[in-house]
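Grab a pencil and have the viewer open. Below you'll find some exercises, each with a solution worked out step by step.

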Amino acid sequence: MQNIIITGGTGYIGSHTAVALQESGFKVVVFDNLSNSTTDSLYGIERITGTRPEFVQIDCTDLSALRDAFSRHSDAVGVIHFAALKAVGESVQRPLLYYRNNLVGLMNVLLCMTEFEIPSIVFSSSATVYGVPETLPVTEDTPLQPATSPYGQTKVIGETIVRDCVAANPKMRATLLRYFNPIGAHPSGFIGENPSGIPNNLMPYITQTAAGIRPILRVFGNDYDTPDGFCIRDYIDVNDLAAAHVAALNNMLSGTDGVSTFNLGTGRGYSVMELIDAFRDATGVSVPYEIVARRDGDVPAIWADATSAAKVLNWRAKVPLSNTLQSAWRWQINSGEKKS
Ligand code: NAD
Ligand code: WQD
């Protein structure tokens with residue numbers, strides 16, 4: 001069995017990817033400092049797959065501890081590096097925290113991979129690297145824009161760091177995955193997104209409002225230059241995203257060298273209002289909302305051209321939006337039950 005190290009593996013996307021990897025026959029070791037997750041997700045992974053991944057509580061910014069952990073898992077054939085802080089607004093308030101956590105963490109992981117000769121890395125990038133795109137949909141060749149937040153900068157710079165390391169080391173290979181808007185949960189309801197405090201993102205805000213935890217959803221702006229005036233995003237099911245990581249890893253393990261970059265989206269954009277309506281249609285629950293002013297920094301519209309991932313990785317988003325919204329709702333209900 002081939003071993004894979006997943007940093008940030010108790011988090012939202014990492015836990016779903018751990019399930020997908022275990023179901024594809026990999027052995028998973030999770031490295032996480034639990035700054036934005038708990039070990040509950042390991043229990044969820046075990047309930048789904050029958051196997052609890054090995055867990056190492058570790059901070060990727062602590063090089064000596066990381067080196068020690070890598071030395072004990074130097075048989076790993078690849079690393080999926082999810083570990084990062086991701087709150088855009090907080091990154092504006094605390095830029096050094098974000099640059100240090102996201103970039104020092106990444107550099108330490110790359111250093112350990114070099115020292116222990118682990119060749120393959122998947123790096124979590126983001127559609128945020130495209131800024132406000134001039135043409136839609138965006139392909140991987142769409143020019144990157146200077147990011148509007150320190151968080152976004154950590155993805156732009158992170159991609160560059162990974163590229164430079166691969167250029168300098170012919171034994172190393174990398175896949176940069178640019179996620180659009182990940183939503184939903186595992187259909188079992190055993191793992192899902194667990195935002196601490198007031199959610200920044202639309203989907204958990206919708207489910208928490210539907211559950212009565214938040215009184216009303218604030219919809220940011222209805223005067224955009226889009227068909228219905230609301231912002232458009234490409235919402236991708238987290239299980240589809242997880243499957244793409246397995247495909248990316250297999251592509252490198254089967255010998256693809258250098259750096260590959262893929263957009264991970266559905267190729268279809270939905271406006272905020274279309275998503276609210278789709279949630280009601282899928283779950284039968286209407287979410288109270290009010291339209292308020294635009295949120296600073298929001299991109300009016302973005303969706304992916306994901307044909308490269310289809311051609312090279314044979315990967316496509318498959319889960320219908322209604323199933324994704326139902327899984328998000330199921331997870332919300334389950335996590336409410338756990339708390340009460
Ligand atoms: P998450 O917060 O649920 O998971 C990240 C995990 O990393 C958490 O468990 C956290 O405890 C851990 N972590 C953070 N800093 C660490 C450190 N220094 N050492 C060890 N562990 C650390 O977030 P997620 O949504 O699963 O995101 C995973 C990755 O995908 C991140 O790199 C994020 O930037 C990227 N991404 C997320 C989205 C999104 O909307 N969720 C979109 C694009 C890209
Ligand atoms: C989606 C749409 C909002 C909340 C962010 C990061 C990006 C990536 C994913 C990590 C927008 C609207 C939202 C609310 C609303 N993360 N909205 N009311 O902004 O596309 O992307 O998360 O890489 O980097 O910037 O996602 O879910 O915050 O917003 O009306 O309470 O929902 O204006 O149009 P976004 P989001």
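This is a predicted model: local features need pLDDT of at least 70, side-chain atom pairs count only at pLDDT 80 or more; totals for chains, interfaces and linings use all residues.

Residues are numbered from 1 along each chain as its sequence is written, chains are lettered from A and ligands numbered from 1 in the order in which they are written, and side-chain values use heavy atoms, with hydrogens and water left out.

**Exercise 1.** Find out what surrounds ligand 1.

*Solution.* 
- Step 1: look at who is around. Ligand 1 has 26 residues surrounding it, and Asp32, Asn36, Ser37, Phe82 and Tyr151 are the closest (a residue is near a molecule or strand if one of its heavy atoms lies within 4 Å of it).
- Step 2: sort that shell by type. You get 11 nonpolar, 11 polar and four charged residues (Ala, Val, Leu, Ile, Met, Phe, Trp, Tyr, Cys and Pro count as nonpolar, Asp, Glu, Lys and Arg as charged, and the others, Gly among them, as polar).
- Step 3: check the polar contacts (pairs of N or O atoms within 3.5 Å; within protein, one must be able to donate a hydrogen and the other to accept it, and residues adjacent in sequence count only if both atoms are side-chain atoms). A polar backbone atom of Ile13 sits 2.8 Å from an oxygen atom of ligand 1, and for a polar backbone atom of Phe82 the distance to a ligand 1 oxygen is 2.8 Å.
- Step 4: On its own, ligand 1 has 820 Å² of accessible area, and the protein covers 95% of it (Shrake-Rupley method with a 1.4 Å probe; for residues, only the protein chains shown count as cover).
- Step 5: trace the shell back to its elements. Those giving two or more residues are α1 (12–23), β5 (120–126) and α6 (150–168) (helices, H or I with at least four residues, and strands, E with at least two, are DSSP runs numbered from the N terminus). The largest share, three residues, is from β5.

**Exercise 2.** How do α1 and α2 pack?

*Solution.* 
- Step 1: their axes are 10 Å apart, at an angle of about 30° (axes are lines fitted to C-alpha atoms, for helices over the stretch in contact, and angles run from 0 to 180 degrees between N-to-C directions).
- Step 2: so α1 is roughly parallel to α2 (angles under 35 degrees count as roughly parallel, over 145 as roughly antiparallel, 65 to 115 as roughly perpendicular and the rest as oblique).

**Exercise 3.** Describe how α7 and α9 (residues 272–283) cross.

*Solution.* 
- Step 1: the two axes come within 11 Å and cross at roughly 40°.
- Step 2: α7 and α9 are therefore oblique to each other.

**Exercise 4.** Look at the backbone of Leu34 and Pro137.

*Solution.* 
- Step 1: Leu34, in the loop between β2 (27–32) and α2 (40–49), has a positive phi, near 60°.
- Step 2: Pro137, in the loop between β5 and α6, is joined to Leu136 by a cis peptide bond, with omega about -5°.
- Step 3: Most residues other than glycine have a negative phi, and most peptide bonds are trans.
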